[in-house]
Amino acid sequence: MEFRHLGRSGLMVSEISYGNWITHGSQVEEEAAQACVRAALDNGITTFDTADVYAGTRAESVLGRALAGERREGLEVFTKVFWPTGPGRNDRGLSRKHIMESINGSLRRLQTDYVDLYQAHRFDYSTPLEETMEAFADVVRAGKALYIGVSEWNAAQIRAAFELARGLKIHLVSNQPQYSMLWRVIEGEVVPTSTELGVGQIVWSPIAQGVLTGKYLPGQAAPAGSRATDEKSGATFIARLMTDEVLSAVQRLKPLAEQAGLSMAQLAVAWVLQNPNVSSAIIGASRPDQVVENVRAAGVKLDADLLKAIDEVLDPVVQRDPALTESPAERP
């Protein structure tokens, strides 16, 4: 495993991190989730990402049990706050009330005294940014989080939050966006701004929900048991990628992966890690062998000719519009 600084901070994270968005507590049973976490640990992953909303808070509990007994100082544990975790109007968003209550719930479920990174899961247009950042500052000063970050914020929002954090003398070090060969919306504005400010990207869905593995074929039904067939594990989310145009382009990546001596999944993960503003790529898994395979992308260097060939194959289907980095106009 290779390690990188998280943004311009002193915190080191594993190049490949383990996330449990749509697996722990929902898609896979706890025994399988525990096996996946063990595979991650055994293969050098030290960075684990979750969120209070995943599986209705169950994902944090599963991860907490899976990491119990591990040396806490040897791990980087991340979680997030914003999406609803209860029925009340204050069980969501980035108000001071919800942040303070949510960090306590997350720590309890994760069985830890602190998280290394506490992230705003989306931008909250219903709360003054000053209120949100002051609450995050108090969480840090209370020792409940060491650093703060955001997720799916646009460049202007990141800059405004960074300036407030600096005034409060706390460290906003990261953004967690979707990023893959097919989804490059952060490249135009978010990455240049983040590079300037020293904010690193912790990217999710580097394999595009499995589409970049090449297992989905144009003109054919999705394989039984795959994510595209499971309404609980992201079938709606993946639907926009399940066009014949996208799937045909992805199939043309196969000879390029073979040429590089990589599986399709490894090529996809390695590709996002070529971006110097990316601190870590989050992988998910429902089986330990998926973890083992994807970890092999750590440290891989893709040459310029291969990167150019990938661009030529995918250019017609790549999404680059910065406006697609967005948060709900109203609290969910």
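1. In this predicted model, helix H4 passes helix H5 in a right-handed crossing. H4 covers residues 129-141 and H5 covers residues 155-167, and the two pack at an angle of about 50°, with their axes 10 Å apart; that angle makes H4 oblique to H5. On the H4 side the meeting residues are Leu-129, Glu-130 and Met-133, which face Ala-160, Ala-161, Leu-164 and Ala-165 in H5.

2. Thr-193 belongs to helix H6, which spans residues 190-197. Its relative accessibility is 10%, and because buried means under 20%, Thr-193 counts as buried. The side chain of Thr-193 reaches the backbone oxygen of Glu-189 at 3.1 Å, and, leaving aside residues up to four places away in sequence, Thr-193 touches Ala-155 and Arg-159.

3. The largest nonpolar core contains 95 residues, and the members that touch the most others are Phe-48, Leu-182, Val-211, Val-291 and Leu-314. Helix H10, made of residues 264-273, gives the most to this core, contributing nine residues. Apart from this core lies another one, of ten residues, including Leu-6, Leu-117, Tyr-147 and Val-173.

4. When residues up to four places away in sequence are not counted, Val-211 touches Leu-182, Tyr-216, Ile-238, Leu-241, Met-242, Val-246, Leu-247 and Val-250. As general background, nonpolar side chains tend to be buried together in soluble globular proteins.

Terms used
Residues are numbered from 1 along each chain as its sequence is written. This is a predicted model: local features need pLDDT of at least 70, side-chain atom pairs count only at pLDDT 80 or more; totals for chains, interfaces and linings use all residues. Side-chain values use heavy atoms; hydrogens and water are left out. A nonpolar core is a set of buried Ala, Val, Leu, Ile, Met, Phe, Trp, Tyr and Cys residues joined through side-chain atoms within 4.5 Å. Buried means under 20% relative accessible area, exposed over 50%, partly exposed in between (1.4 Å probe, protein chains only). Helices (H or I, at least four residues) and strands (E, at least two) are DSSP runs, numbered from the N terminus. Contact means heavy atoms within 4.5 Å. A polar contact is a pair of N or O atoms within 3.5 Å; within protein, one must be able to donate a hydrogen and the other to accept it, and residues adjacent in sequence count only if both atoms are side-chain atoms. Axes are lines fitted to C-alpha atoms, for helices over the stretch in contact, and angles run from 0 to 180 degrees between N-to-C directions. Angles under 35 degrees count as roughly parallel, over 145 as roughly antiparallel, 65 to 115 as roughly perpendicular and the rest as oblique. A crossing is left-handed if the near helix is turned anticlockwise from the far one by less than a right angle, and right-handed if clockwise.
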